[in-house]
Amino acid sequence: MDLTRRRRDGVPSVVDPSFRGLFEACYRSKQGGMGTETGNGKEEAMKNGLDVTGMPLPSSSHSSVHSAGSDPQLKQMLDCLKSTKCPAVINYGASWCGVCSQILRPFCRFSTEFKNLTFIYADIDECPETTQNIRYTPTFHFYRDGERVDEMLGTGEERLHDRLWLHS
């Protein structure tokens, strides 16, 4: 099985076959324990890391941040958040946005500090249909029990840390 796919800009990205986490349990329960289903975007939705977003970070600094590289992938992640009711934060940003790039490194670092939260990064250019209501980057959405409970616009490392602490 070829684990390499290409992003829109032609850069190869690799599906991590050893991915284990929140979304794996969700997929298993929806498929009756059969593992990853191919052909409908579920395999693609099991990516871990920021390899599909164009954000250059060392792999060790973002090992617990999941990335959504397409609309079907982000929709699947949102469905999993609703069904598993795990607390989560989604960072909506863009690879061309300087402010988004600045806050991404602390966001990744916080993902190792707040282990009970699921951290997701979604690039608005890679997920245009799902993120059409995002009017400012970065935007952070906080989820609890499957529902969005808070939103933070803009940046600020201390401000983000405090908001994550509040929702953890």
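**Note on the predicted model: cores, rings and backbone**

1. Leaving aside neighbours within four places in sequence, Leu74 is in contact (heavy atoms within 4.5 Å) with Ala68, Tyr92, Ala122, Cys127, Thr130 and Thr131. The model is a predicted one, in which local features need pLDDT of at least 70 and side-chain atom pairs count only at pLDDT 80 or more, while totals for chains, interfaces and linings use all residues. Residues are numbered from 1 along each chain as its sequence is written, and side-chain values use heavy atoms, with hydrogens and water left out.

2. Leu74 also belongs to the largest nonpolar core, which has 17 residues; Leu74, Leu81, Ile90, Tyr92 and Tyr143 touch the most other members. A nonpolar core is here a set of buried Ala, Val, Leu, Ile, Met, Phe, Trp, Tyr and Cys residues joined through side-chain atoms within 4.5 Å. Two or more residues of this core come from each of α3 (71-84), β4 (88-93) and β5 (118-123). The largest share, four residues, is from α3. A second, separate core has 16 residues, among them Val89, Ile103, Phe110 and Met152. In soluble globular proteins, nonpolar side chains tend to be buried together.

3. Helix α3 has 14 residues and reaches 20 Å from its first C-alpha to its last, close to the 20 Å expected at 1.5 Å a residue; the expected span is 1.5 Å times one less than the number of residues. Its buried residues (under 20% relative accessible area, with exposed over 50% and partly exposed in between, 1.4 Å probe, protein chains only) are Asp71, Gln73, Leu74, Gln76, Met77, Leu78, Cys80 and Leu81.

4. The chain as a whole comes to five helices and seven strands, in the order β-β-α-α-β-α-β-α-β-β-β-α along the sequence. Helices (H or I, at least four residues) and strands (E, at least two) are DSSP runs, numbered from the N terminus. Of the 168 residues, 47% count as buried. Among contacts between residues at least 6 apart in sequence, 66% join residues at least 24 apart.

5. Three aromatic pairs are found in a search of the whole structure. Phe110 and Phe114 have ring centres 6.4 Å apart and planes at 70 degrees, so this pair is edge-to-face. Rings of Phe, Tyr and Trp (its six-membered ring) pair if their centres lie within 6.5 Å; planes under 30 degrees apart count as stacked, over 60 as edge-to-face and the rest as tilted. Phe110 is buried at 4% relative accessible area, and Phe114 is buried at 6%. The charged end of Arg109 sits over the ring of Phe110, 5.3 Å from its centre; the criterion is NZ of Lys or CZ of Arg within 6 Å of the ring centre and within 35 degrees of the ring normal. Elsewhere, ring pairs link Phe107, Phe119 and Phe140 into a cluster.

6. Three backbone sites deserve a comment. Most residues other than glycine have a negative phi, and most peptide bonds are trans. Lys85, in the loop between α3 and β4, has a positive phi near 60 degrees and is partly exposed, with a relative accessible area of 47%. Asp145, in the loop between β6 and β7 (147-153), likewise has a positive phi, of about 55 degrees, although it is not a glycine. The peptide bond from Thr137 to Pro138 is cis, with omega near -5 degrees; Pro138 lies in the loop between β5 and β6 (139-144).
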